[in-house]
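I opened a notebook for this structure and looked things up one at a time. My entries follow.

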Amino acid sequence: MITPDRRLLFGGDYNPEQWPEEVWADDMRLMKEAGVTSVTVGVFSWSKLEPRPGAREFGWLDRLMDLLHQQDVGVVLATPTASPPPWLGRLHPQTLPRDENGRTVWWGSRQHFSHSSSAYRHHAAAITEDLAKRYGHHPALRMWHVNNEYCTFDHGDEAARAFRDWLRAKYHTLDALNDAWGTAFWSQHVSSWQDVIPPRRAQYLRNPTQLLDFRRFTSDALLECYVAERDLVRRHSPDHIPVTTNFMPLWTGQDAWEWAGHEDVVSVDSYPDPRDPLGGQYNAMIADMTRGQARGPWMLMEQAAGPVNWRGVNHPKPQGLNRLWSLQAVARGADAVCYFQWRQSRQGAEKFHSGMVSHAGAEGRTFAEVKRIGAELAGLGEHVAGAHTPSDIAVLHDWHSWWAGGQDGRPSSRVAYEDVVRAWHRALWEAHLPVDFAHPEHDLSAYKMVVAPHLYLLTDAALDNLVAYARAGGTLVCGFFTGVADADDRVRAGGMDARLRELLGVRVLHEWWPLEDDERVDCAAPGGGLSFTGSLWSEELTAAPDAEVRARYRGGELDGLPAVLRRGRAWYLSTLPDPPALRTLLADAAAEAGARPALSGLPPDVEAVPRGDLLFLLHHGRGEATVPLPDGAAYQDVLTGDEHTGTVTLGRFGVVALAPRKRGRGAA
Amino acid sequence: MITPDRRLLFGGDYNPEQWPEEVWADDMRLMKEAGVTSVTVGVFSWSKLEPRPGAREFGWLDRLMDLLHQQDVGVVLATPTASPPPWLGRLHPQTLPRDENGRTVWWGSRQHFSHSSSAYRHHAAAITEDLAKRYGHHPALRMWHVNNEYCTFDHGDEAARAFRDWLRAKYHTLDALNDAWGTAFWSQHVSSWQDVIPPRRAQYLRNPTQLLDFRRFTSDALLECYVAERDLVRRHSPDHIPVTTNFMPLWTGQDAWEWAGHEDVVSVDSYPDPRDPLGGQYNAMIADMTRGQARGPWMLMEQAAGPVNWRGVNHPKPQGLNRLWSLQAVARGADAVCYFQWRQSRQGAEKFHSGMVSHAGAEGRTFAEVKRIGAELAGLGEHVAGAHTPSDIAVLHDWHSWWAGGQDGRPSSRVAYEDVVRAWHRALWEAHLPVDFAHPEHDLSAYKMVVAPHLYLLTDAALDNLVAYARAGGTLVCGFFTGVADADDRVRAGGMDARLRELLGVRVLHEWWPLEDDERVDCAAPGGGLSFTGSLWSEELTAAPDAEVRARYRGGELDGLPAVLRRGRAWYLSTLPDPPALRTLLADAAAEAGARPALSGLPPDVEAVPRGDLLFLLHHGRGEATVPLPDGAAYQDVLTGDEHTGTVTLGRFGVVALAPRKRGRGAA
Amino acid sequence: MITPDRRLLFGGDYNPEQWPEEVWADDMRLMKEAGVTSVTVGVFSWSKLEPRPGAREFGWLDRLMDLLHQQDVGVVLATPTASPPPWLGRLHPQTLPRDENGRTVWWGSRQHFSHSSSAYRHHAAAITEDLAKRYGHHPALRMWHVNNEYCTFDHGDEAARAFRDWLRAKYHTLDALNDAWGTAFWSQHVSSWQDVIPPRRAQYLRNPTQLLDFRRFTSDALLECYVAERDLVRRHSPDHIPVTTNFMPLWTGQDAWEWAGHEDVVSVDSYPDPRDPLGGQYNAMIADMTRGQARGPWMLMEQAAGPVNWRGVNHPKPQGLNRLWSLQAVARGADAVCYFQWRQSRQGAEKFHSGMVSHAGAEGRTFAEVKRIGAELAGLGEHVAGAHTPSDIAVLHDWHSWWAGGQDGRPSSRVAYEDVVRAWHRALWEAHLPVDFAHPEHDLSAYKMVVAPHLYLLTDAALDNLVAYARAGGTLVCGFFTGVADADDRVRAGGMDARLRELLGVRVLHEWWPLEDDERVDCAAPGGGLSFTGSLWSEELTAAPDAEVRARYRGGELDGLPAVLRRGRAWYLSTLPDPPALRTLLADAAAEAGARPALSGLPPDVEAVPRGDLLFLLHHGRGEATVPLPDGAAYQDVLTGDEHTGTVTLGRFGVVALAPRKRGRGAA
């Protein structure tokens, strides 16, 4: 549980070991000023805690924990295992990963550890256990944070052995592996477990199932590292101290559905680009995805108060944007709003990544905005902490499908899984429809509509789940290139699973016609009305006789063929409609299914999200927007105390958090 | 001989080891339906045939060969050596190639063998010989297919030793090598054979002749692999079984002129892009090149029935295009039309490469078109099989020139050899002029016109050959940057060979002026008329007094200098004229030389190609085209039986194969 | 001293070992024709001089030196150590560098030596000493040229040891190193010198100070190689023989300010792109930079008579451009004008790099122009040799700032140090203002104006220097992102050094707002007048109350904030103004400071540069330009003997070198 005291967490990564201790006092003062409730400590402190093999230097951390406790600032304490000290690589070179070209990944940055290295695991466990023993019952401790952004690959020899063990556990026999991998193709039959290697540099396209299993293995190997440390910190802490590790969202390396089940708190790092006009939609999507994984409140472990430093051009957040996106996270289920990092570094690789206290210090605009956010969050906890608002619509998302569908040698290299998912989420967001993310094997029965933007790989269980959902009256909308492959990345007979074809009304799928970057296909409803262009993809297919063709291709080689099909409440979109058309199609299907926005009559840039007893209105535009409130309803904005009836007007990046004053439906 | 029975071969790669044997019966049924006459078997079957070192698993292949023979489907049997089993790399790591950066090329794809590895050669010979012994006299056997698309490089130590041996055989002494390589430059003098290495990662530009010789060596080392296997299969087969290996055309790795001399049948893989508006011209060029190498009928070993899977975006073939290009291949000399592959894979790296039987199966559009092609080809063999129609024009092409001229450190990195050759072939194709490809040292006396689009390197023998050809009255048209270097990539005195300068009327070649990507030079005939833009290249030269300047540069630094020169029937084009101008220039020169289209009055998109007793008309457009037939002539289209006089109208991608009914020249 | 006899050096690299000796006689004849005074010999002759380990083959060089001496052609004799013979790499593989990915840099090109290899240093010293002993007193010897374009990196193990030694000498203790590198960040604390490695391939961003120190170390390690050879050749030569090594200008690898102090003659290679409309400005900048390093006359060691061969498209020099740029170098302080190389190679990696004698030979246009230049230079020495004309304006430039500011993980990857410096130099060049380059720690008191286009890193000494300069009344103009970091790349408190903020009138620097490639910000003077767009960068800052805002941002997030500030004579430009605006801003500041062009009323394309008793007018345009001469002054063009009063008209690429005839100020 993130907020046992119904206070939202507010704070950030705090790395005081980068500063002389005289700065700490200033930190404490400013933290109080900013309303910081907790900080994350120790994420990269291994070499500070264990400067030499076996040494333990806990004194500075003792002082720090005590100091924070005195200030009533809680601590999210990290195991420091994401960045081993240089001596580990020097003494145990096998802890350094190898990339697929055989190149060593050296120390000098961070995350230079092989998940499969026994020496790494041994040393990581030792420092973790000692840390847990020492601080597991410290009164400042609020949460354990294991490692950081698990994300490394290793193609070296120790990883090869671990990969073999993983495969042996999965397939039991070489025959089963050969069958699953289709090694009859290109003479890849393995006759010994020793024949199995990670995918390494090769002459041409590599075995797709080897690549897929290697990604599964990597996610599982990293998860093993997490679970081992989680178990150690749990063993030495009271039961109420939760354990988390922070996800990089929409990162391909971890199956976060699987991982979330092993966490007490699901936490995430969200870094929308301040220049992206749809940055707010991106932030919403990360929230919806993380909330889906958490199945309840979640933690925003990292965001930036200003610019990051890893884009080509790193834009600051303009005045108001930090507040808007922070409150948006709360509206969409976050019980903790934190930053990387508290005080912007003066040295090291991230010194141009912003902090809550920027290089300009307490005088800077950035800190002024942080203080305002801290003050506002302090008043929100009682309204929203712990509240979970499930929605009527589920967006299906699955890492295995992403891994399999994104490989080389597919019909099109232009289709990026994350772009398609984002396009569909955007359509729903712009239609003001609240959504959850879900896994295709989840129980979907509570949803009125389920959309599968682009699930190339669907297991038999997932297919049965979708068919059952649709048979029970649910609305299912599928995007192109869905249901193509089975769990082993074996193409289903007919190029699309027969169950799905039956459901969607596809009789024969002749050919996929992927589109060039600048290519568009014209589409139109047979009787007029809807008319749009599609991008990325099109398909040559024959519809089942009883399917309804909602739009046909116009012109080109596919002239007259079905572009959008439905059979009952199951829809198939064989292209990616332009944003307004996709929004219309999904909004129509949602309306038919009975899913509606939280408020009607919303202007385009305003998001309305209910949480707890509040209705958040979030304005993503730079002008003014007026939002009609329900007739007769009266609200108080808990951020300002202002009362609103009839309409509420939001300025640039404006937010109100409306609590109902009385409930009267209609009037006049 | 490809077609001893005058039946064109029709079929494709057949890899039934990827499927359960119960699918085989369905394969047989569909092959009969499609008119398949032969299939290529075993291309990547090594690990199936020898799953463990020394094992032999021939049972499945015995059953398959017998089954195919029962169905009267011939077998082109492949040696499986293009993709060694994983155990070979594991037990003999030195069989794995190293790239120029020292990175190992691992198994997990295909072609992970070093041509110079003795372990590879030993194991390849063993499985090849056993295969030949077992099936050399099998009644289904029609042809041997050695390996597949030989195309690998190795920069490792075993290849270094082989490279040294190759160089010793070529140069005999280190002095000769030092002289040829120009090692006085940059202190590269080798004082021991051990100083010689393959070109590997270096600080800056590498020795050009080392690079050139390494390409020659690689082509020869791969050829040795081929010849070794060819000799083994020949030893164990009847004399009438021909041997081939399939070329990747316009691929830089093999000197196909040299290789063709070691094959009984020259076969090629042709994969024009269905999206390329000039895909038909590309297919024609591959045909003309392969026919030149074969000096007669050739085999289309691989094409795609639909999309491939190795482009960024892989387009299917629209309705009719597979048929058009298949018949075009026959018109231009193919006696075999085959596909990769029979049944589209469900697993492995090429499961999104189309098959004759696509994922949609027998119901799909793709298979329907395959059946039509099979039926039509069955009727063509009696008219064309074995027939070779040489043409009046030769396009000169040479790998050594390509290798030398395409290196770094040249006047322009923008000039791609294959693009220039293609531009010239396109001009001739659009002018409806049939051409052969030839090597610059071939006997050219039968040709009325010879064009050398871009032969940077010309040996003394080639130069003497061209001069003799021109002196004997032949028309010779040379493109820019031709005759610059000798066989060792040594620049000829004056920047262009003196014999060639004399022939073409170039007195002094001051400087090359290569052009930027978007740069064009204006050119015009001195007296008006011809006016065009040139791209890629221009030159600052002084013409000989008796040369005729056909076009001059206009404006810019070269204003007034000669762009197109001729001296008698020898022409020099010092830029790449735009397509219409190049077509005009070449058509004029051809007309003067007496070379003419097969039919006059052809519309732009229609190709007319005579072969055997047929005149093929091939329409590459999507609309309709009407072709005037010779006055008084009457034809029957052997594909449909329709009779045509006066004109024939071709629909989208239409083809007729006209046999003369009576011969009446003119009338009225 | 370059020109003890007041004859300008004219010549080029001469590599006769690439040619049969019978060509040498022709070389001598043509050198006399061209007015060649000296040639550089032996740059890449190691394998010719020492074909086997320990062998010495000096015979050819004896003959060559004697022959040149007979012809009165001086010799700049090179140590041949830039390209070791293949046997060195074979016998001592540790002499071959490793790149940051661990890949070996093999022989086969040049510069395949590790600066830190003891075996390399040993063999280089041996051949250098023997060469010096043999030719140190040869009468042809004019200068020693050590190595060539020192520019290699090594990340291997021997370099790692040398890097550790260098760091130990700099920091003495690990604590000091840990502090300077900020190793508290990301757990990079080093507990043993063995933990320190060169920056190698890592998972993510690497330690910035490690990267910076590695560049410093590399420059110093190369300098050690230079100094070792310099000392050897000095030991065996008369005192009047100067020693040089040629710089690649604006190349990041060497701190040329440091290096220049170890040279008797500063020499440089200048290769402006003949296609660049501002090629003349580039050539001027290289001259100004090299003159600044030399603090007097310098040597143009290499330029191209025609095209180079290392660009994507290599353009020849149009008629007149070689002369224009050669005379420009002399005007800007060169006492030697030389080429790579004398005779264009027929073999090797640079055979398409032009020579003074091109492939076209003595008949070619290139050689004709070379002869003209040689003849003209012969008459200029008496007027300019040895003369140094310092200017009123200094452009500050520092490699350490470049190294630190150009790393990954900065606010913007779009800002290239060299582009910003070039933009500022261009503005001054177009304003006809002569400039020197200087180091920020140099004594600047002689300058009326100092500009710091982009000095991210400034040491305390440099800051104190700039402040003292400004306090003493000097005009200082600073560009954006200047004064951000200290010598260890530690960000200064406030994001910009407090001294500098105080000086420039910056109160709070809130955020940097770097711009996208195609993004521009509008700026305007508060009261109208100046109006321009800025690119690359903008800033959100609060001005000090007493600062004058010369331009504000208009529109966008920074609307109304200061873009250009001044406080007294200290200016701050927080964006990169468009070229006309930057020219205006700098010209205004210069005028106020009392810095003026050499001649007033100059047309845009004409450069006026005084040197010695001459005034050079150089016309960079292709049309005609008329230059007004001072009233009443009369000049003689020493190139032609023509007299000029009132005006002088220059044709395409025209140059006059005007000597005053009488001095009469005003008249009428």
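**Entry: C:E149.** I began with C:E149, which counts as buried because 20 C-beta neighbours lie inside 10 Å. My rule for this: a residue is buried if 20 or more other C-beta atoms lie within 10 Å of its own, exposed if 12 or fewer, and partly exposed in between, with C-beta atoms placed from the backbone. C:E149 sits in the loop between β4 (141-145) and α6 (157-171) of chain C. I take helices (H or I, at least four residues) and strands (E, at least two) as DSSP runs, numbered from the N terminus. The phi of C:E149 is near 45 degrees, a positive value in a residue other than glycine.

**Entry: ground rules.** This is a predicted model: local features need pLDDT of at least 70, side-chain atom pairs count only at pLDDT 80 or more, and totals for chains, interfaces and linings use all residues. Residues are numbered from 1 along each chain as its sequence is written, while chains are lettered from A and ligands numbered from 1 in the order in which they are written.

**Entry: another positive phi.** I turned to C:D72. Its phi is positive, about 65 degrees, although C:D72 is not a glycine. C:D72 lies in the loop between α3 (59-70) and β3 (74-78) of chain C. Is C:D72 buried or exposed? C:D72 is exposed, with 12 other C-beta atoms within 10 Å.

**Entry: cis peptide bonds.** I noted the background: most residues other than glycine have a negative phi, and most peptide bonds are trans. In chain A, a cis peptide bond joins A:F340 and A:Q341, with omega about 0 degrees. A:Q341 belongs to the loop between β9 (334-339) and α12 (365-378) of chain A. In chain C, C:F340 and C:Q341 are joined by a cis peptide bond, with omega about -5 degrees. I found C:Q341 in the loop between β9 and α12 (365-384) of chain C.

**Entry: strand β1 of chain C.** How many residues of β1 (residues 9-14) of chain C are buried? Six of its six residues are, so I call the strand mostly covered by the burial rule. I then looked for its partners; two strands pair if DSSP finds at least two bridges between them. β1(C) pairs with β9 (residues 334-339) of chain C in the parallel sense, over four bridges. There, C:L9 has C:A336 as its bridge partner. β1(C) also runs parallel to β2 (residues 38-41) of chain C, joined by four bridges. In that pairing C:G11 stands opposite C:S38.

**Entry: helix α8 of chain A.** I checked the length of α8 (residues 208-235) of chain A. The expected span is 1.5 Å times one less than the number of residues. Its 28 residues should span 40 Å, and its end C-alpha atoms are 40 Å apart, which agrees. α8(A) is mostly covered, with 20 of its 28 residues buried.

**Entry: how the chains relate.** I superposed copies by least squares on the C-alpha atoms of residues with pLDDT of at least 70 in both. Chain B falls on chain A by a rotation of 120 degrees with 0.0 Å of shift along the axis, at RMSD 0.0 Å. The two copies are thus related as by a three-fold rotation axis. In chain B, the C-alpha nearest the axis belongs to B:R103, 5.0 Å from it.

Entry: I count two residues as in contact if their C-beta atoms, placed from the backbone, lie within 7 Å. 50 residues of chain C are in contact with 45 residues of chain B. Which elements give two or more residues to the side of chain C that touches chain B? They are α2 (46-49) and α4 (86-91) of chain C.

**Entry: C:Q111.** I found C:Q111 in the loop between α4 and α5 (118-135) of chain C. C:Q111 is buried, with 22 other C-beta atoms within 10 Å. Leaving aside neighbours within four places in sequence, its contacts include B:Q203 and B:Y204. C:A82, C:S83, C:C151 and C:T152 are also among the contacts of C:Q111.
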